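Please read these notes alongside the model.

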Amino acid sequence: MSLINENFLELQDSYLFSTIAKKVAEYTKENPDKKIIKLGIGDVTRPIVPACLDAMHKAIDEMGTQEGFKGYGPEQGYEFLRNAIVENDYNQYGIDIKTDEIFVSDGAKCDTGNIVDIFAKDNKVAITDPVYPVYIDTNVMAGRSGKFNKEKEIYENIVYLPVTAENNFIPELPKEKVDIIYLCFPNNPTGTVLTKDELKKWVYYAKENKSVILYDSAYEAFITEDNIPHSIYEIEGAKDVAIEFRSYSKTAGFTGLRCAYVVIPKTVKGFSKTGEEISLNKLWNRRTCTKFNGVSYIVQRAAEATYSKEGKEQIKQNIKYYQENAQIIKNGLEEAGYSVYGGVNSPYIWLKVPDKMTSWEFFDALLNGVNIVGTPGSGFGKHGEGYFRLTAFGTKEDSIEAINRIKKWKN
Ligand code: PLP
């Protein structure tokens with residue numbers, strides 16, 4: 001008899017995107033003539049840029065030759081990409097990261113999910129709320145969350161850090177001691193950011209408490225304002241306490257191609273039960289070599305091309321396109337009288353739903369009233385209730401049209 005990992009039974013079913021799809025399908029069936037604008041799911045829509053396409057074509061041709069053929073590559077990623085990352089994403093900004101501190105992967109979802117493998121079950125974990133659900137669910141699977149309290153809508157062993165308009169979307173340092181802290185900035189779903197000074201507090205906290213910060217900066221390319229850190233390593237001391245996750249998904253439209261990376265400086269340490277310092281880089285390397293066989297050569301060449309002169313310029317144009325959409329949506333919603341957050345350093349726009357409505361009630365009203373689909377904030381956690389997420393990843397035309405509809409609807 002095979003016994004299951006009972007931690008999985010503790011997972012709460014997420015019906016968020018399936019419920020949205022069902023509601024949209026029902027509405028479309030009843031109203032086939034209505035044009036629905038989808039600003040819900042956080043997937044990109046702009047095609048892969050020519051520099052990356054060229055690199056992939058070249059890599060494919062190479063694979064068909066005896067000299068150029070590649071079998072298994074290094075589990076941690078090819079040196080050409082790891083070097084390009086170090087140079088372009090870190091050294092260029094005065095951050096001293098070494099090639100063997102970079103691990104290339106097929107996605108930040110897998111990385112932020114798999115990282116829990118190298119930590120003991122007994123760690124106390126702090127997670128912001130609302131949140132990208134992967135952080136919570138993977139800790140549930142690993143048995144770190146405790147039971148789900150249905151009444152309170154929380155896992156008993158997780159320390160939740162609310163981020164709402166009341167605290168300006170700046171999480172407060174935990175009152176109790178925590179060992180692992182998940183931070184994601186620019187944030188999904190709220191679209192908000194931390195300044196360097198705010199992030200400093202977390203680095204100090206982690207140093208003082210010997211905790212590790214898991215810093216997800218999948219959306220760093222969307223930052224427009226100065227003084228907003230692109231990398232946690234811009235903060236002095238962070239190299240002792242932080243692991244950083246980056247992805248080409250939103251930066252370069254690789255959601256379908258799949259490529260990301262993790263940075264684990266050799267100076268970040270965990271502890272054995274006897275108090276011995278252990279390098280997390282070493283543990284992650286061991287895990288990677290055991291469970292992963294690397295990202296495809298072709299895709300890694302495409303990722304490398306994002307750092308070429310043309311690649312950088314082309315990607316910048318795509319990001320600019322989404323940033324303009326974000327501005328259109330944010331400004332339009334404000335003109336329509338909504339309280340709006342995010343959208344400046346992020347492709348996500350987070351709005352407060354009108355008084356006394358729930359996130360889902362607003363979803364239904366928006367779908368039925370003006371045929372626009374967004375994502376109810378409550379789907380991202382208890383403190384997302386009363387908020388609603390729209391994304392800038394649609395077309396410019398749809399973003400403008402959506403705002404025009406909302407303005408007319410409101411007036
Ligand atoms: N981290 C955050 C905060 C995200 O919102 C997403 C995707 O939406 C990911 C990671 C996943 O990125 P990837 O496509 O690299 O798996």
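The numbered points below go through the model by topic.

1. Basis. This is a predicted model, in which local features need pLDDT of at least 70, side-chain atom pairs count only at pLDDT 80 or more, and totals for chains, interfaces and linings use all residues. Residues are numbered from 1 along each chain as its sequence is written, and side-chain values use heavy atoms, with hydrogens and water left out.

2. Ligand surroundings. The ligand is surrounded by 14 residues, the closest being Ala108, Asp216, Tyr219, Ser247 and Ser249; a residue is near a molecule if one of its heavy atoms lies within 4 Å of it.

3. Ala108 places a backbone N or O atom 2.7 Å from an oxygen atom of the ligand. A side-chain N or O atom of Ser247 is 2.6 Å from a ligand oxygen, and for the side chain of Lys250 the distance to a ligand oxygen is 2.8 Å. Of the 400 Å² of accessible area that the ligand has on its own, the protein covers 91% (Shrake-Rupley method, 1.4 Å probe; for residues, only the protein chains shown count as cover).

4. Aromatic pairs. Rings of Phe, Tyr and Trp (its six-membered ring) pair if their centres lie within 6.5 Å; planes under 30 degrees apart are stacked, over 60 edge-to-face, and the rest tilted. The count by this rule is 26 aromatic pairs. One of them joins Phe148 and Tyr155 edge-to-face, at 4.9 Å centre to centre and 65° between the planes. Phe148 is partly exposed because its relative accessibility is 21%, whereas Tyr155 is buried at 3% (buried means under 20% relative accessible area, exposed over 50%, partly exposed in between; 1.4 Å probe, protein chains only).

5. Tyr321 has 17% relative accessibility, so it counts as buried; Tyr322 is buried at 3%.

6. Charges over rings. The charged end of Arg301 sits over the Phe80 ring, 3.6 Å from its centre. The charged end of Lys70 lies over the ring of Tyr297, 4.6 Å from the ring centre. The rule asks for NZ of Lys or CZ of Arg within 6 Å of the ring centre and within 35 degrees of the ring normal.

7. Cysteines. How many disulfides are there? The count is zero, a disulfide being a pair of cysteine sulfur atoms within 2.5 Å. For Cys52, the nearest cysteine sulfur is that of Cys259, 10 Å away. For Cys184, the nearest is that of Cys110, at 16 Å. Cys52 is buried at 0% relative accessibility, and Cys184 is buried at 3%.

8. Thr306. This residue is in the loop between α9 (297-305) and α10 (309-335); helices (H or I, at least four residues) and strands (E, at least two) are DSSP runs numbered from the N terminus. The Thr306 side chain reaches the backbone oxygen of Ala303 at 2.6 Å. Thr306 is buried, with a relative accessible area of 7%.

9. Tyr248. Helix α7 (residues 248-252) contains Tyr248, which is buried at 5% relative accessibility. Tyr248 and Gly107 are 141 residues apart in sequence but 8.2 Å apart in space, C-alpha to C-alpha.

Notes
Polar contact = N/O pair within 3.5 Å; in protein donor to acceptor, adjacent residues only side chain to side chain.
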